[in-house]
Number of protein chains: 2
Amino acid sequence: MTEICKVYDEHLDKILEAKKKLPDEETILEVSDFFDALGNPTRLKILFALLEDELCTCDLSNITGLSVSAISHQLRILKDRKIVTYRKDGKNVFYSLDDEHIREILKIALKHMEE
Amino acid sequence: MTEICKVYDEHLDKILEAKKKLPDEETILEVSDFFDALGNPTRLKILFALLEDELCTCDLSNITGLSVSAISHQLRILKDRKIVTYRKDGKNVFYSLDDEHIREILKIALKHMEE
DNA sequence: TGTACATTTGAACAATTGTGCAAATGTTCT
DNA sequence: AGAACATTTGCACAATTGTTCAAATGTACA
């Protein structure tokens with residue numbers, strides 16, 4: 001921090017309170033990674049497609065119109081961040097949403113946009 | 001798309017269904033912008049701090065330990081994306097969360113991390 | 001009007017990100 | 001083993017992002 005800014009006495013309580021209740025750095029970074037994973041059009045298309053049913057890498061490439069490689073790269077990010085899971089079946093790898101929170105958050109976000 | 005990938009007959013229905021239900025490009029981009037705004041540690045700190053109470057730019061700089069300028073840049077993004085609102089009071093500008101969806105989503109995300 | 005201070009803005013720069021390409025790996029079937 | 005095809009991976013490169021610094025703008029008050 002380079003600039004200095006006077007602390008108002010009457011703000012002091014609120015500042016201390018906010019500092020105290022702020023989640024710790026590690027949690028902030030985790031939540032940030034989570035939202036960051038959702039904050040990309042390709043990854044969102046993947047997730048919205050998976051709302052219906054599990055799909056393989058190739059299906060997702062078809063649905064999104066992006067290269068299989070691009071989809072695979074993005075799936076890795078979603079997998080690493082525990083947003084999707086997968087099961088292998090022969091040559092195919094089927095991806096699906098990891099849990100109910102994802103579904104819930106996607107729904108709220110869509111609703112948020114409509115207003 | 002350069003790579004071509006054979007469409008399985010038995011996947012065809014699921015692909016068409018998913019394509020049909022996918023939100024349109026514009027909506028996808030809006031939702032993506034929304035999550036993208038939440039996917040950054042500095043902006044998250046701002047939002048978590050605002051869960052308690054409205055705060056001015058200077059307060060937020062204190063709480064996060066970042067320069068006033070950095071905070072102001074990030075506040076502009078949150079403001080543009082309708083995630084925070086503000087009211088002016090003399091020399092100060094007080095920011096607060098724009099609506100209940102934000103609060104709800106932040107809470108679910110925190111819960112999601114704990115599991 | 002001038003001073004003090006809160007906030008915003010624009011330029012610049014390093015760091016990160018998303019994609020395609022080419023090659024590697026995995027799996028099934030003959 | 002070899003062919004066929006789904007998937008993953010590493011590299012490269014353009015595009016985007018977050019921060020700082022310096023300057024501009026806004027507001028209150030003497």
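1. The crossing of α2(A) and α3(B) is right-handed (the near helix is turned clockwise from the far one by less than a right angle). This is a predicted model, where local features need pLDDT of at least 70, side-chain atom pairs count only at pLDDT 80 or more, and totals for chains, interfaces and linings use all residues. Residues are numbered from 1 along each chain as its sequence is written, chains are lettered from A in the order in which they are written, and side-chain values use heavy atoms, without hydrogens and water.

2. Helix α2 (residues 25-38) of chain A packs on helix α3 (residues 41-52) of chain B at about 110 degrees, axes 9 Å apart. Axes are lines fitted to C-alpha atoms, for helices over the stretch in contact; angles run from 0 to 180 degrees between N-to-C directions. So α2(A) is roughly perpendicular to α3(B) (65 to 115 degrees). Helices (H or I, at least four residues) and strands (E, at least two) are DSSP runs, numbered from the N terminus.

3. Contact means heavy atoms within 4.5 Å. From α2(A) come A:Glu25, A:Ile28, A:Leu29, A:Val31, A:Ser32 and A:Phe35; α3(B) gives B:Pro41, B:Leu44, B:Lys45 and B:Phe48.

4. Chain A has an open sheet of three strands, ordered β1-β3-β2, with antiparallel pairing (at least two DSSP bridges between two strands). β1 (55-56) and β2 (84-89) each have a single partner strand, so one side of each lacks a neighbour in the sheet.

5. β2(A) and β3 (residues 92-97) of chain A are joined by six bridges. A:Tyr86 has A:Tyr95 as its bridge partner in β3(A). Helix α5 (residues 68-80) of chain A packs on the sheet and touches β2 and β3. Its direction makes about 115 degrees with that of β2(A).

How values were computed
Parallel < 35°, antiparallel > 145°, perpendicular 65-115°, else oblique.
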